[in-house]
Amino acid sequence: MDLDTGAGLLHRLTSYEPSREWDVPVDDPRVRHDLVPNDPETLPPPMKGYPDGLAVLALPRDLPDPGVPATAVLAGVASPAQPLDAAQLGRVLFLGAGVVRTAERNGRPFLYRAAGSAGARFPLEVYASTRGVAGVPDGVHWYDARRHALVQVAPAATGAVTTLVVTGVPWRTGWRYAERGWRHLYWDAGTLLAQLSAAADSAGLSPRLRSLFPDATVRTLVGADGVHEYPLALLSFGDGDPAIGPTGPALPGELPPVELPLCTAAQRAGERDVLGAPWPSAEPLPAYPPSDPLDEVVRRRGSQRRMDRSRTLPRILLEWPLAAALRGVPVPHWVAVHGVDGVPPGLYRWPDLSTPLRAGDLRDELLRVCLDQALAGDAAYVVVAAAPLSALDDRAYRDAQLAAGLVEGRLHLATYALGAGASGMTFLDSDVPGLLGEPDDLAALLFTCVGVPEYRSRAGGRPGAPVEVRPVMPRLGGS
């Protein structure tokens with residue numbers, strides 16, 4: 001990867017290091033210095049806006065829950081096929097991108113989605129390009145998560161099977177994390193896709209994930225301009241050709257006209273004009289522990305802000321969630337174990353838990369590497385995704401970030417299904433190779449903290465009935 005252009009340049013200029021506070025931009029003219037992080041005056045709206053008068057289809061609010069255990073879905077056990085109709089499509093969309101909780105922040109309503117998001121910025125949009133869905137006209141529809149409805153924004157596309165398009169809005173996450181927020185788009189997309197795929201799998205819809213697609217074509221399909229919004233991934237239901245061929249113009253919708261040129265350049269550097277094969281399917285796990293149904297686990301899930309460092313997790317709550325989360329994902333992962341029964345504290349390279357790469361208590365070091373965020377020391381274990389930059393190009397870098405987010409999303413579901421809690425975590429890029437004992441070329445992708453919850457999140461509501469919550473503030477420093 002070229003560190004002076006495209007995604008490589010963005011990675012280099014957005015890497016955290018001890019000599020600079022995380023919210024202070026690097027001294028480089030290619031990074032914007034005129035934007036104030038977390039400025040209430042420039043807070044972007046939580047979702048796109050469309051004009052009145054468009055065709056709106058209210059989706060059924062009574063979701064057809066197949067009742068499949070979350071652990072069975074994550075293990076890859078096949079589920080009986082359910083009809084793909086308006087209710088089932090709505091269920092899949094809701095379990096990934098639906099509004100399940102609300103809160104008030106600085107006098108403004110705040111919408112929490114079903115899937116987690118770095119910094120609770122929720123920078124993603126989801127479109128459904130439908131073909132043959134009972135009760136839904138063929139067309140390209142934007143999912144209005146607030147109303148649990150489909151808004152038709154373009155005519156029906158060419159292609160055989162219904163396909164979801166996940167897009168990212170860089171300013172929505174850049175408002176807090178500046179240009180580094182481009183990485184968060186892919187982390188969040190992976191987390192969202194983990195839940196969309198699980199919901200589809202539990203209904204036997206055979207979801208097929210693609211991260212290689214003709215960017216310009218898909219932009220045209222959904223009305224994304226490639227600057228303020230761009231496509232990140234496709235999820236099709238079935239093995240046919242994805243319905244992504246535009247047959248007419250799409251309404252673009254409204255977004256704040258704030259550009260982060262470094263993000264635009266990184267995105268364009270990875271653009272391609274071909275449709276790739278779906279990500280390969282992985283073999284099912286040989287066994288899975290009992291759990292509640294997936295739909296119940298999704299509503300229960302919430303990014304854990306505080307964990308109890310005085311308590312440990314049983315070994316199965318390390319081994320099984322990681323085996324399920326990494327099923328079919330080739331990105332390297334390490335595990336820093338703090339408090340797991342039967343696993344001595346230390347650093348391990350997954351899947352080998354027999355011999356630590358480094359033995360001993362690493363809580364203080366993880367706390368430092370994770371910018372003094374207490375979860376890194378309070379967790380029972382911390383999962384680290386990383387990959388050598390020399391093995392990546394501009395498109396593969398996107399895939400690596402997406403895969404790390406997918407693993408995190410699966411870890412969330414697996415750990416919540418088994419009674420633990422999880423939360424993503426950012427880090428000092430410069431210190432991760434030393435932590436892992438790897439060359440400086442290693443690029444950290446994402447940290448996930450797993451541990452014993454200090455509190456229980458209030459279960460999320462159903463479509464049109466999100467529950468009101470009071471946000472829990474994370475701790476800084478050691479407990």
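**View 1. Strand E4 and its two partners.** In strand E7, the bridge partner of Tyr127 is Val165. The model shown here and in every other view is predicted. Tyr127 belongs to the side chains of E4 that point one way together with Glu125 and Ser129, while Leu124, Val126, Ala128 and Thr130 point the other way. In a regular strand the side chains alternate between the two faces of the sheet. E4 covers residues 124-130, and seven of its seven residues are buried, so the strand is largely enclosed by the rest of the structure. E4 and E7 (residues 163-168) run antiparallel and are joined by six bridges. Strand E5 (residues 139-144) also runs antiparallel to E4, with four bridges between them.

**View 2. The seven-stranded sheet.** Where do E4, E5 and E7 sit in the sheet order? The order is E1-E6-E5-E4-E7-E9-E8, in an open sheet with antiparallel pairing. Strands E1 (56-58) and E8 (207-210) form the edges, and each pairs on one side only. From one strand to the next, the twist averages 30 degrees. Strands of a sheet pair through backbone hydrogen bonds, either parallel or antiparallel.

**View 3. The hairpin of E2 and E3.** Strands E2 (residues 99-105) and E3 (residues 108-113) run antiparallel, and six bridges join them. Val99 stands opposite Arg113 of E3. Two residues lie between the strands of this hairpin, and Asn106 takes a positive phi near 55 degrees.

View 4. Which residues have the most contacts inside the largest nonpolar core? They are Leu164, Trp182 and Phe447, in a core of 150 residues. A second, separate core has five residues, among them Phe110, Tyr112, Ala120 and Phe122. In soluble globular proteins, nonpolar side chains tend to be buried together.

**View 5. Helix H1 packed on helix H7.** Two packed helices are described by the angle between their axes and the distance between the axes. For H1 and H7, the angle is about 140 degrees and the axes are 7 Å apart. That makes H1 oblique to H7. H1 brings Gly6, Ala7, Leu9, Leu10 and Leu13 to the contact, and H7 brings Leu262, Cys263, Ala265, Ala266 and Ala269. Nine of these contact residues are nonpolar, one is polar and none is charged.

**View 6. The buried residues of H7.** Helix H7 covers residues 261-269, and its buried residues are Leu262, Cys263, Thr264, Ala266 and Gln267. They pack against helices H1 (6-13), H5 (181-202), H6 and H12 (394-417), and against strand E9 (230-237).

View 7. Is Arg219 buried or exposed? Its relative accessible area is 18%, so Arg219 is buried; the cut-off for buried is under 20%. Arg219 is found in helix H6, residues 215-222. Among the residues that Arg219 touches are Asp225, Gly226, Pro231 and Glu271.

**View 8. Gly421 in strand E14.** Gly421 is found in strand E14, residues 421-425. With 0% relative accessibility, Gly421 counts as buried. Gly421 touches residues including Gln304, Met307, Tyr416, Cys449 and Pro453. Gly226, by contrast, is 36 Å from Gly421, C-alpha to C-alpha, and 195 residues away in sequence.

View 9. Most residues other than glycine have a negative phi, and most peptide bonds are trans. Phe122 is not a glycine, yet has a positive phi of about 45 degrees. Phe122 is found in the loop between E3 and E4, and it is buried, with a relative accessible area of 12%. Ala178 also has a positive phi, near 55 degrees. Ala178 is found in the loop between helix H4 (170-177) and H5, and at 30% relative accessibility counts as partly exposed. Look next at the peptide bond from Trp350 to Pro351, which is cis, with omega near 15 degrees. Pro351 lies in the loop between strands E11 (346-349) and E12 (358-359).

Key
Residues numbered from 1 in each chain as written. Predicted model: local features only at pLDDT ≥ 70, side-chain atom pairs only at ≥ 80, totals over all residues. Heavy atoms only, no water. Buried < 20%, exposed > 50% of the residue type's maximum accessible area, 1.4 Å probe, protein only. Contact = heavy atoms within 4.5 Å. Pairing = 2+ DSSP bridges. Core = buried A, V, L, I, M, F, W, Y, C linked by side-chain atoms within 4.5 Å. Axes fitted to C-alpha atoms, helices over the stretch in contact; angles between N-to-C directions. Parallel < 35°, antiparallel > 145°, perpendicular 65-115°, else oblique. Nonpolar A, V, L, I, M, F, W, Y, C, P; charged D, E, K, R; others polar. Lists of a residue's contacts leave out its neighbours within four places in sequence.
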